[in-house]
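Dear colleague,

Please find the structure below, handed over for your use. My findings follow it.

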Amino acid sequence: MNCLQLREVTKKFGGLVAVQDVSFETPPAQIMGLIGPNGAGKTTIFNLITGNYGLNSGQILFYNQIISGIPTYRIVELGIARTFQTIRLFKNLSAIENVLAGCHCRMNSGIFSSMFHTRKHHAQENHALDRAMKSLTFVGLSDCYELKAKNFSYGNQRLLEIARALATSPKLIILDEPAGGMNDQETLSLIQLIKKIQTQGITVLLIEHDMRLVMQVCENIVVVDYGQKIAEGTPEEIKNNPKVIKAYLGSDMDSNTNPVNDKF
Amino acid sequence: MKKFLLTKKTMIFILAIFFFCCPLLLNRYWVDVLNNVGLYALLGLSLNIILGDAGLFHMGHAAFYAIGAYTAAILNTQFNIPILFLIPMGGVLAALFGAIVARPIIHLRGDYLLVVTIGLVEIVRIALINDVFGLTGGANGIFGIDRMIIGGVKIRKPHHFFYFIYLFMIFTVFIFSRLKQSRFGRALNYIREDETAAQGSGINTAHYKLLAFVLGAGWAGMTGVIYATKMTIISPESFSFWESVIVFMIVILGGSGSIAGVILGAFLIIGLPEIFRGFAEARMLVFGGAMMLLMIFRPQGIIESVPQLYQIRNR
């Protein structure tokens, strides 16, 4: 059974086709990369999976269950967590509170047990705190759990976002440019972290521009360009795929027939 | 640290005892001023859930206040239902009303929501003036609302109301401060900080925003019932847009999200103008100026919402 499966997914914004007939599948506990030039539609695909956008046609399945069309918070409950390309932490809240947001969907104490702090409320709070701390420890930020999110360095903010996503106990985690803004050292430890997430049995799907990271951690790579899938394969296959090279560098033919070049 | 907390607690306790002796020292007029402060503080606390905790710009709170007050007035004068029963009932009806009107507008953000809620409070006021269903008494309002009788004591003098209002406030603060330190309170804070991220973390944002409205409306409704029995006569002009603005100011000025801040805000905005009544017209000028300065130099309000501390075990 596949963890995630996209079947001919299409998304249009007005007249613009952002994603066209994209299909791919991810087996459980695999690390899969989604790459492509800027504006190729990678983040749109992520937003379709997490339900932030509705799709125009096609299907998205998560462990054989159709998830297209259900609201984001339900998708998180089912086991898909994500991080954002532009970091979206709760800036004025502490690290632990940020991570507790992830625990929210695994708790069920209602408004009345919250009002009167019933025994159930305390039990759940303690459990959630433990889980949140575990999550922070996992990414290596447990020492500064009381620090406000906005006071973390850029790289650590990315890690905090990953901790928040992990706190939802996901089966699939979607990372949108996790190494963006990180220095070499931080990227290296991120590679270790992503591999560690995999050993927990969690499937990882990531967008990344840092090719070193992609080639090192991904077992399978999907390449999109202009909203369409142009290649899929192992890192070795992708590196030598002429279509991919063309998408990234452009081909000779392109520059010869480019009307802009003709003018000069 | 522990010792400091203890002294702080005892200080608050002493202050509270002193405050509860106030009616013995003050004349009726000043006790009534404190009662008004209390009612506005209750309104502020109920708006604080919507505006301070969930960050929803809602400037139509007087509408919910009115629903509670009119529920009490109509049911009491027409069916003689005792006011004490009507406090929860007014709350429930206002909450229901809140749920119905908030549902279709809950997805609106910031200023758009603000405009819609301003429309809401005007619609309610005009409906009351136009005597809908022949129940609201039009512009004259409804008079002859009963007083409460608790344990054989008829709550009618200012110092009776003082104890009733402030005991209800203690109950409110107890409930609301616990809500803040819970899954519910955190969910509202996440929504205020970043709604998309909250949703992406698995929070049903529409549900929680609606709950915030329902809870805030319900509490404003209960406050409305207390107002109705305190005045024994209510009319539409008590629930104008200006009332909503005052409650909005109390929350923003006092410190949105902070319970202590909102109560202080009510004291400043309702109490201070009374203290400086001797200065006649100049007091409003000074008051307005002070408010502008405060917003420029302390936009988070006088008392900032304190971050919650978590006890981490096994470390």
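The notes below begin with conventions and then turn to chain B and chain A.

This is a predicted model, in which local features need pLDDT of at least 70 and side-chain atom pairs count only at pLDDT 80 or more, while totals for chains, interfaces and linings use all residues. Residues are numbered from 1 along each chain as its sequence is written, and chains are lettered from A and ligands numbered from 1 in the order in which they are written.

Chain B has 12 helices and four strands (DSSP runs, numbered from the N terminus: helices are H or I with at least four residues, strands E with at least two). Of its 315 residues, 46% count as buried (20 or more other C-beta atoms, placed from the backbone, within 10 Å of the residue's own). The C-alpha atoms of chain B fill a box of roughly 60 × 50 × 45 Å along the principal axes.

In chain A, strand β9 (residues 220-225) is largely enclosed by the rest of the structure, because five of its six residues are buried. Strand β3 (residues 31-35) of chain A pairs with β9(A) in the parallel sense over four bridges (pairing requires at least two DSSP bridges between the strands); here Ile35(A) has Val223(A) as its bridge partner. Strand β10 (residues 228-233) of chain A pairs with β9(A) in the antiparallel sense over five bridges, and Val224(A) is partnered by Lys229(A). β9(A) and β10(A) form a hairpin with two residues between them, and Tyr226(A) in the turn has a positive phi of about 50°.

Yours sincerely

Terms used. Buried ≥ 20, exposed ≤ 12 C-beta atoms within 10 Å, placed from the backbone.
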